[in-house]
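These are my notebook entries on one chain. I set down what I looked up, step by step.

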Amino acid sequence: MKSPYKGKTGLRRLMNAFGYSISGTFAAFKYEDAFRQEVFLSLILIPLAIYLGESVIEQGLMISSILLIIIVELLNSSIEATVDRISIKRHKLAKRAKDIGSAAVFFSLINAAVIWFLILVK
């Protein structure tokens, strides 16, 4: 069965994609505590990266490491929502999927910490 949304092309497709992205961002902000925390933290850390980074490369690395956390959190939240949509009963595969998503967020946090540490301690 073909999705009715796949037939859109050009400007209409871009407008739809933008709308879905905004909707997803608001949904994550509304329903996901970790996402809200990471967004608030990014509101502090991104300006701090601009201030503390001595070059555009350092600033870019610091900012992108923070944005990567948000991206991975969004992916993790979508995995969790999908697993919960299928069933909220405990199942070892559901736990594995959620744990792996959580591990991805954890490693994105480690990545950011390492990048910030290496830049700030140099």
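**Entry 1: one residue.** I worked from a predicted model. I began with leucine 118, which has a relative accessibility of 54% and therefore counts as exposed, since the cut-off for exposed is over 50%. I then looked up where leucine 118 sits, and found it in helix α4.

**Entry 2: the patch.** I next asked which residues make the nonpolar surface patch of about 1100 Å². Leu118 is one of them, and I also noted Leu48, Tyr51, Leu52, Phe106, Phe107, Ile110, Val114, Phe117, Leu120 and Val121. I recorded α4 as the element that gives the most, with 8 residues.

**Entry 3: the whole chain.** I looked up the secondary structure and found 4 helices and 0 strands. Along the sequence, I read the pattern as α-α-α-α. The radius of gyration is 18 Å, whereas the globule rule gives 14 Å for 122 residues, so I describe the chain as more spread out than a compact globule. I noted that the C-alpha atoms fill a box of roughly 55 × 45 × 20 Å along the principal axes.

**Entry 4: surface and contacts.** How much of the chain is made up of buried residues? I found that they account for 25% of the 122 residues. The accessible surface of the chain comes to about 9100 Å², and 70% of it belongs to carbon and sulfur atoms. Finally, I considered contacts between residues at least 6 apart in sequence: 62% of these join residues at least 24 apart.

Definitions and conventions. Residues numbered from 1 in each chain as written. Predicted model: local features only at pLDDT ≥ 70, side-chain atom pairs only at ≥ 80, totals over all residues. Heavy atoms only, no water. Patch = residues over 30% accessible without salt bridge, like charges linked within 9 Å, V, L, I, M, F, W, Y side chains within 5 Å. Areas by Shrake-Rupley, 256 points an atom, 1.4 Å probe, with all protein chains shown as cover. Salt bridge = Lys/Arg side-chain N within 4 Å of Asp/Glu carboxyl O. Helix = DSSP H or I, 4+ residues; strand = E, 2+ residues; numbered from the N terminus. Buried < 20%, exposed > 50% of the residue type's maximum accessible area, 1.4 Å probe, protein only. Rg over C-alpha atoms; globule rule 2.2 N^0.38 Å. Contact = heavy atoms within 4.5 Å.
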